[in-house]
Amino acid sequence: MKSFRKALAVLLCVIMTFGVASAEGFYLFDVITSAVTNPCGFNLTWEYDTNTDTLTINGTGDMYGYWSNYEQATDLFVTTAPWRQYYSSMKRVAFKGEVTSIGNYAFYGCNGLTDITIPNSVTNIGEYAFCGCGGLKNVSFGSGVNTLYEYSFADCISLESIIIPENITSIEWGSFEGCSNVESITVDEKNTIYHSTGNCLIETEEKTLIYGCKNSIIPDDGSVKSIDYYAFKNCARLTIIDIPENIISISEGAFEGCSNVERITVDENNTVYHSKNNCLIETEDKYLLFGCNNSIIPDDGSVTSISGYAFNDCTEITHITIPDYIKNIYDGAFYGCPLEYVKMGNGLSYIPYSLINKESLKTFIIGDSVTSIDSSKFLDCTKLETIVIGNNVTTIDWCAFENCVSLESVTITDSVLNIGYAVFKDCTGLKNISFGNSVETIDQEAFENCTGLTSITIPNSVKAIGKAAFRECTGLKK
């Protein structure tokens with residue numbers, strides 16, 4: 001019995017001294033009350049004061065790293081940090097002790113935060129640590145911080161200024177991406193890795209502009225040769241882009257989401273890029289890298305490809321004509337443009353998805369170099385009134401125009417051999433359909449529920465009509 005009591009006493013001593021292991025780390029016990037506190041690091045605990053809406057981190061060492069999970073109730077990705085329930089109310093974060101790092105996703109989406117002061121003891125700020133803190137206006141870095149990990153302050157849309165002290169020597173990719181309202185960027189003159197000129201954050205040795213803002217002027221003194229990925233992403237208030245002579249590399253997406261740019265110019269002595277019709281063009285590769293609401297795609301052969309981010313969110317572009325010289329349009333090139341009218345040239349062999357805005361498209365003219373209309377390509381384009389099928393289209397694949405309820409008339413060209421499954425299903429506004437003389441197959445449900453059709457003429461070339469091809473065509477009389 002004495003041995004048992006002695007062993008129990010030793011065990012309790014160990015527990016009170018070191019804590020109990022858990023999946024997250026160690027639960028620390030209060031020796032007096034034996035009540036479990038809230039762990040957020042090996043030697044860190046947290047508490048939230050609802051009277052002052054303050055989160056306090058107590059102790060010494062590194063914070064735990066967290067991650068984000070999809071929350072169906074809010075349709076948002078939220079952090080797994082234990083204080084997530086205080087997202088909207090949290091106004092302050094206080095650090096008591098010697099916190100040495102702020103964990104990944106620690107304050108991800110805490111919209112209530114307006115100011116944060118990072119203590120001198122912190123050396124690293126984790127990935128996505130303050131990402132999406134929409135109310136955050138001011139950040140003060142302590143003298144110990146040396147690293148900002150990926151997306152640490154991304155999408156902090158209320159942030160007005162970025163001040164990088166001497167001690168920060170590593171700013172990883174995307175740290176300030178999407179901070180669309182920043183007005184000024186400064187770097188301590190003693191910092192040996194970064195500097196700022198013209199409200200641009202620049203990696204000095206590599207001469208790379210890694211972040212800019214609405215008031216940025218790209219330096220023309222040779223201190224910048226490259227503009228990094230997403231450097232100006234979502235700078236919606238940027239209106240002018242002037243590319244100086246010394247820029248030799250601009251990454252894709254550098255100006256993505258800069259939806260209010262009005263003018264794009266390139267110094268005439270630049271040997272890599274040029275501008276024409278308010279388009280930023282990579283000269284040798286004939287690659288349109290970026291455009292704006294005022295752009296006109298050149299039709300002189302100087303452009304053959306359009307970048308995936310070129311016209312993203314240009315909300316004033318409603319009509320577009322693609323010149324014959326264009327051979328490639330990469331994914332996302334026109335996403336967010338409320339396109340109503342699209343005329344394809346004869347250079348593209350496919351129909352780019354980004355040319356089809358299902359909420360606005362009314363007229364689409366397919367070029368003669370297209371041979372197939374892919375499945376579901378115009379599915380649910382409920383405002384589409386006019387479709388012109390190119391002269392070399394041979395196949396219209398399944399559900400290509402399903403539920404295009406505003407479509408009234410369609411002419412199937414002589415080149416078309418096959419009309420796929422449910423191609424015009426539920427096109428209730430369709431009144432006239434004219435078949436070419438080469439159609440061989442009308443697949444199942446191709447015109448099901450086209451209640452506006454009153455007559456159909458089937459050409460002699462048709463060899464097979466699938467089951468229910470004209471089912472529920474209740475207006476059909478002839």
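Modeller: Happy to. In this predicted model, the largest nonpolar core has 60 residues. The residues with the most contacts inside that core are Phe 334, Phe 364, Phe 378, Phe 401, Ile 412 and Phe 424. In soluble globular proteins, nonpolar side chains tend to be buried together.

Setting aside residues up to four places away in sequence, Phe 378 touches Ile 351, Ile 356, Lys 358, Leu 361, Phe 364, Ile 373, Leu 384, Ile 387, Ala 400, Phe 401, Glu 402 and Cys 404.

Now for the strands. The chain's secondary structure comes to 1 helix and 38 strands. β3 runs antiparallel to β4 (residues 44-49), and 2 bridges join them; Gly 41 has Leu 44 in β4 as its bridge partner.

Another open sheet, again of mixed pairing, has 5 strands in the order β23-β24-β25-β26-β28. Here the edges are β23 (273-276) and β28 (328-329), each of which pairs on one side only. β28 pairs with β26 (residues 305-306) in the parallel sense over 2 bridges, with Ser 305 standing opposite Asn 328.

Between those stretches of sequence you can look at a hairpin. Strands β16 (residues 194-197) and β17 (residues 200-203) pair in the antiparallel sense over 4 bridges, and Tyr 194 stands opposite Glu 203. The hairpin leaves 2 residues between its strands, and Gly 198 in the turn has a positive phi of about 60°. Further along, Ser 226 lies in β19 (residues 226-227). Ser 226 counts as buried because its relative accessibility is 18%, under the 20% cut-off. Leaving out neighbours within four places in sequence, Ser 226 is in contact with Lys 207, Thr 208, Leu 209 and Ser 249.

Stepping back to the whole chain, buried residues make up 49% of the 478 residues. The radius of gyration is 30 Å, whereas a compact globule of 478 residues would have one near 23 Å. Along the principal axes, the C-alpha atoms fill a box of roughly 100 × 70 × 40 Å. Of the contacts with a separation of 6 or more, 29% join residues 24 or more positions apart. The chain exposes about 22,400 Å², with carbon and sulfur atoms supplying 47% of that area.

Finally, a word on confidence. The average pLDDT is 91, and 92% of the residues score at least 70. Over residues 1-36, though, the pLDDT is below 50, and this stretch has 32 contacts in the model beyond near neighbours in sequence. Where pLDDT is low, the predicted coordinates should not be read in detail.

Methods:
Residues are numbered from 1 along each chain as its sequence is written. This is a predicted model: local features need pLDDT of at least 70, side-chain atom pairs count only at pLDDT 80 or more; totals for chains, interfaces and linings use all residues. Side-chain values use heavy atoms; hydrogens and water are left out. Two strands pair if DSSP finds at least two bridges between them. A nonpolar core is a set of buried Ala, Val, Leu, Ile, Met, Phe, Trp, Tyr and Cys residues joined through side-chain atoms within 4.5 Å. Buried means under 20% relative accessible area, exposed over 50%, partly exposed in between (1.4 Å probe, protein chains only). Contact means heavy atoms within 4.5 Å. The radius of gyration is taken over C-alpha atoms; the globule rule is 2.2 Å times the number of residues to the power 0.38. Accessible areas come from the Shrake-Rupley method with a 1.4 Å probe; for residues, only the protein chains shown count as cover. pLDDT is the predictor's confidence in each residue, from 0 to 100.
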